[in-house]
Amino acid sequence: MEINDNYIYDGMNAFEREVKRWFDFFAALFCLIIFSPLFLICYLAIKRDNDGPVIYRQVRIGRFGRPFFIYKFRSMKTDAEEGGPQLWNSDEDPRLTKTGKFLRNHHLDELPQFWNVLKGDMSFVGPRPERKYYIRQIMEHDPRYEFLYQVRPGITSMATIYNGYTDTMEKMLKRLQMDLDYLQRRSWWLDLKIIFLTFTNISFGKKF
């Protein structure tokens, strides 16, 4: 592994990164169009369940360490984080609404992130974007998190599939190691493999 104080070697060259970005753009545009009826169904289900905004946005840290708004269908009560950021196992989280729990279990709350991909904030495949609050805690244990700023964060990743929801620091550090491994090994083929595995797992109802 090539490493210095500022970066870990990126498995993709400049041309491959450019092609990846164009793939993300057109694939996100296609998904926004093809899944538009599902967007409407999710919208109506959330509005029927309770009052409040349908789309939830939250500041995450992206490429080059720049903050951006990530978009999701709202799955929690509007006062969910009045006491500050909290980590819960999704099945046990009392802040979830009835519809929100269904959306989470079937990963439908993530659909609006196709817009993030279209805009260029995110990619289909890459390290999951985190909040600054948790990044500071992770970097106290392992400062290599900063290396992830080299790439756009993603909707899915190998760590998402195999490490699941990160509700403990131990899982966060394990996810970091898997994300760093992805960074130095990433390729078009690996991205397609991760997309296929994600689609397959969702289709068979796997929770992660």
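## Close-up views of a predicted model

View 1. His107 is found in the loop between H3 and helix H4 (113-119), where helices (H or I, at least four residues) and strands (E, at least two) are DSSP runs numbered from the N terminus. This is a predicted model, in which local features need pLDDT of at least 70 and side-chain atom pairs count only at pLDDT 80 or more, while totals for chains, interfaces and linings use all residues. Residues are numbered from 1 along each chain as its sequence is written, and side-chain values use heavy atoms, with hydrogens and water left out. The phi of His107 is near 60°, a positive value in a residue other than glycine. At 13% relative accessibility, His107 counts as buried (under 20% relative accessible area, with exposed over 50% and partly exposed in between, for a 1.4 Å probe and protein chains only).

**View 2. Helix H2 (36-49) against helix H3 (98-105).** The axes of H2 and H3, which are lines fitted to C-alpha atoms over the stretch in contact, come within 8 Å and cross at roughly 150°, with angles running from 0 to 180 degrees between N-to-C directions. The two helices H2 and H3 are therefore roughly antiparallel to each other, a term for angles over 145 degrees, whereas under 35 is roughly parallel, 65 to 115 roughly perpendicular and the rest oblique. On the H2 side, Cys42, Ala45, Ile46 and Asp49 meet Lys98, Thr99 and Leu103 of H3, contact being heavy atoms within 4.5 Å. By class, this contact of H2 with H3 has 4 nonpolar, 1 polar and 2 charged residues; Ala, Val, Leu, Ile, Met, Phe, Trp, Tyr, Cys and Pro count as nonpolar, Asp, Glu, Lys and Arg as charged, and the others, Gly among them, as polar. Within H3, the buried residues are Thr99, Gly100, Leu103 and Asn105, and what covers them includes H2 and strand S2 (67-73).

**View 3. The second largest pocket, with H2 and H3 in its lining.** A pocket is an open set of points on a 1 Å grid over the protein atoms alone, with protein on both sides within 12 Å along at least five of seven lines, and lining residues have an atom within 4 Å of a point. The second largest pocket holds about 180 Å³ of space, a volume being the space filled by probe spheres set on grid points that are joined across faces, edges and corners. Among the residues lining this pocket are Ile41, Arg48, Phe102 and Leu108. The largest share of the lining, 5 residues, comes from H2, and by class the lining has 6 nonpolar, 1 polar and 3 charged residues.

**View 4. The largest cavity and the residues around its centre.** A search of the whole structure finds 1 cavity of 30 Å³ or more, a cavity being a set of points where a 1.4 Å probe fits but cannot get out. The largest cavity has a volume of about 80 Å³ and is lined by 13 residues, of which Ile61, Pro127, Tyr145, Leu148 and Pro153 lie nearest its centre. The lining of this cavity has 9 nonpolar, 1 polar and 3 charged residues.

**View 5. Phe64 in the loop between strand S1 (55-61) and S2.** Although Phe64 is not a glycine, its phi is positive, at about 65°.
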